[in-house]
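Here is a short briefing to read alongside the sequence and the structure. Take it topic by topic, with the viewer open as you go.

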Amino acid sequence: MTTARRGGLTGPVSGGGQTSRARVRRTADTALPADTHLARELLDGLAEAVVTTDRAGMVTLANTMAAELLPELRPGADLARCAVPALARAVQEGTETFDAEHHGRRLRGVRRGLAGGRHAWYVRDVSEERERADALLAERSRTAFLAQAGSRLGLSLHRDQTLRAAVTLPVPYLADVAVLVHRPPPSTEDEPRWIRYAEGDPGPATGIGDWGTLESVPGLIEALEGKATEPSPRLNAELAELADVLPEGFGRPGTLLISPMLSAGGLAGALVLVRRADRAGFDQREIELAREFAARAGAALAAAELYGEQAHLARVLQNSLLPPDLPSVDGMTLAGGYRAAGDSLRIGGDFYDLFPTGAGALFALGDVCGKGVGAAVLTGRVRQSLQTLRLVEQRPLELMRLLNRALVDAPDAARRAQFTTLLLGTLTREPDGGLLARMAGGGHPAPLVVRADGTVEQVRMGGMPVGALAAARFVEAEVRLYRGDLLLAYTDGVTGARGGPSELEMFGAARLRQALASGAGLPPAALVDRLLQRVDEWLDGQVHDDIAMLVVTPA
């Protein structure tokens, strides 16, 4: 007896082996009841394989799709010992499902119980579904990698931090070892630098190479020259020339991928990704991903270098604009306090200066118009002008008039407001150990004197801002300081600080007097700290104007 298959349904058929498929179909059609014939036609039309078994687990029926996906199954075959390992294992273990590769396809099967102890297995080809799912997962993984990389690179504005991020992020996702070759920062030697990170390393390693060695690595010099070539894998690459760069014991690399790190600011370096010999090479998607990452890393590195240059320039300018450390002057004790409205740069429009003289010292405290960088620039101009003019004139009133003329006659005075309130004064040592303060005022808040007994006095001042008008009028006053007395000069950022319970009330002159009176007898530095603390507590984190103060007392 032989078997014949009809439309994928198999069963015993008597007769010779030469019976044609059409004859078997006609014989089966005439032998089956109409409803059974219809059921099998329906099974043959299904997009999934259907295999039925009897009570003993023998195959009794297999539809067309089963014949295609599971050609090993024949009627009478024992599923527990069939040539489909995953299905046989499922039958033996009594599980209801299986999922496995078979003949290059991904199959997924589910068992359902039938009447009389029989069973039916429904098997689907899920290869395309799995490919789509794998592709979606891979795309999500790539998107997540780029998002993480963008976040890490974007948050780093320090050049060394950016280099470390750029070389650690690709490992192990893209490579087993990442090497970033870059040019040194400006004003340093021209030898190329490298930074390397390998999976399992505690941190990146760095070193200095030479151009001759780098030229022997195919494609590296081209990448460092910024040539817009497509990155390509270097299969079976020998990196003997870079033996010092690769980790010890790494062995022969399997695949090498070099990507230029280009950005809008120019070439930043070259990223070398190395995979071990037992790891698959780079496919096209991975090459594109590596190129995208290298471009982002290059842009981040260029931004970090630009930021570093600007930060260095800002520090240099900032150091020249910040109030100086007060020098020691015989016969007096001095202290200064400063708070800039712009905390990011720590520079502003309030300032103080002190210059020792033969008889004592010359001091200046002022508040230029505006805030931030613009005010700081004008502050620098006023201070530089004072530095020069004091060499020819040290009398406060005459010196203020010379400064006023210098500001008014400046080339850009007509197109920008550049004036400052100013307090200029000389401190002269007295034979009795006291000090004589002779001061000129240019629209600045009047200084306060705290006597040894805690009494607070205001020095009567006035005048017009310096640099506002060529014919501006200024006033002069003098005051004597005895042992235990002190003089406070301050800017209106102190009394004008808004805060308190309503967050709008000004600190005011009354609170300043109370703070001074309660601090009578304190050293100047301690008193300055006390006043700044009181103002900070009043502000409670609110935005404030620039603040400067200068305290002097006989030593």
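A residue counts as buried under 20% relative accessible area, as exposed over 50%, and as partly exposed in between. Please keep in mind that this is a predicted model. The protein chain has 14 helices and 25 strands, and buried residues make up 45% of its 555 residues.

**The chain as a whole**

- The protein chain exposes about 27800 Å², and carbon and sulfur atoms supply 52% of that area.
- Among the contacts with a separation of 6 or more, 57% are between residues 24 or more positions apart.
- The count of disulfides comes to zero.

**Nonpolar cores**

- The largest nonpolar core has 30 residues, and those with the most contacts inside it are L153, L180, M261, L273 and F293.
- Helices α5 (127-155), α6 (159-168) and α9 (284-321) are among the elements that give two or more residues to this core. The strands that do so are β8 (177-182), β9 (193-198), β12 (253-263) and β13 (266-276).
- The element that gives the most to this core is α9, with eight residues.
- Apart from this core lies another one, of 28 residues, including A437, A446, A489 and V552.
- To follow L180 through its surroundings, leave out residues up to four places away in sequence: L180 then touches L163, A166, V167, R193, W194, I195, M261 and A270.

**Helix α4 and what follows it**

- Helix α4 spans residues 85-93, and its buried residues are A86, L87, A88 and A90.
- An α-helix has 3.6 residues a turn, so residues three or four places apart point the same way.
- The cover over the buried residues of α4 includes β5 (97-102) and β7 (119-125).
- Just after α4 comes G94, which takes a positive phi of about 75 degrees.

- G281 sits in the loop between β13 and α9. G281 is partly exposed, because its relative accessibility is 35%.
- Which residues does G281 contact, leaving aside its neighbours within four places in sequence? They are T255, R275 and E286.
- G281 and L257 are 24 residues apart along the chain, and their C-alpha atoms are separated by 9.3 Å.
- E288 belongs to helix α9. Is E288 buried, exposed or partly exposed? E288 counts as partly exposed, because its relative accessibility is 37% and that class lies between 20% and 50%.
- The C-alpha atoms of E288 and S259 are separated by 10.0 Å, with the two residues 29 apart along the chain.

**Backbone points to check**

- V171 and P172 are joined by a cis peptide bond, with omega at about 0 degrees. P172 is placed in the loop between α6 and β8.
- H103 is not a glycine, yet H103 has a positive phi of about 55 degrees. You will find H103 in the loop between β5 and β6 (105-113), and H103 counts as exposed because its relative accessibility is 55%.
- D540 has a positive phi of about 50 degrees, although D540 is not a glycine either. The loop between α14 (524-539) and β25 (547-554) holds D540, and D540 is exposed because its relative accessibility is 61%.

**A nonpolar patch on the surface**

- Which residues form a nonpolar patch on the surface? They are L391, V392 and L402, and together they have about 320 Å² of accessible area.
- L391 lies in the loop between α10 (372-389) and α11 (396-408). With a relative accessible area of 65%, L391 is exposed.

Methods. Residues are numbered from 1 along each chain as its sequence is written. This is a predicted model: local features need pLDDT of at least 70, side-chain atom pairs count only at pLDDT 80 or more; totals for chains, interfaces and linings use all residues. Side-chain values use heavy atoms; hydrogens and water are left out. Patches are made of residues with over 30% relative accessible area and no salt bridge: like charges are joined within 9 Å, nonpolar side chains (Val, Leu, Ile, Met, Phe, Trp, Tyr) within 5 Å. Accessible areas come from the Shrake-Rupley method with a 1.4 Å probe; for residues, only the protein chains shown count as cover. A salt bridge is a side-chain nitrogen of Lys or Arg within 4 Å of a carboxyl oxygen of Asp or Glu. Helices (H or I, at least four residues) and strands (E, at least two) are DSSP runs, numbered from the N terminus. Buried means under 20% relative accessible area, exposed over 50%, partly exposed in between (1.4 Å probe, protein chains only). Contact means heavy atoms within 4.5 Å. A disulfide is a pair of cysteine sulfur atoms within 2.5 Å. A nonpolar core is a set of buried Ala, Val, Leu, Ile, Met, Phe, Trp, Tyr and Cys residues joined through side-chain atoms within 4.5 Å.
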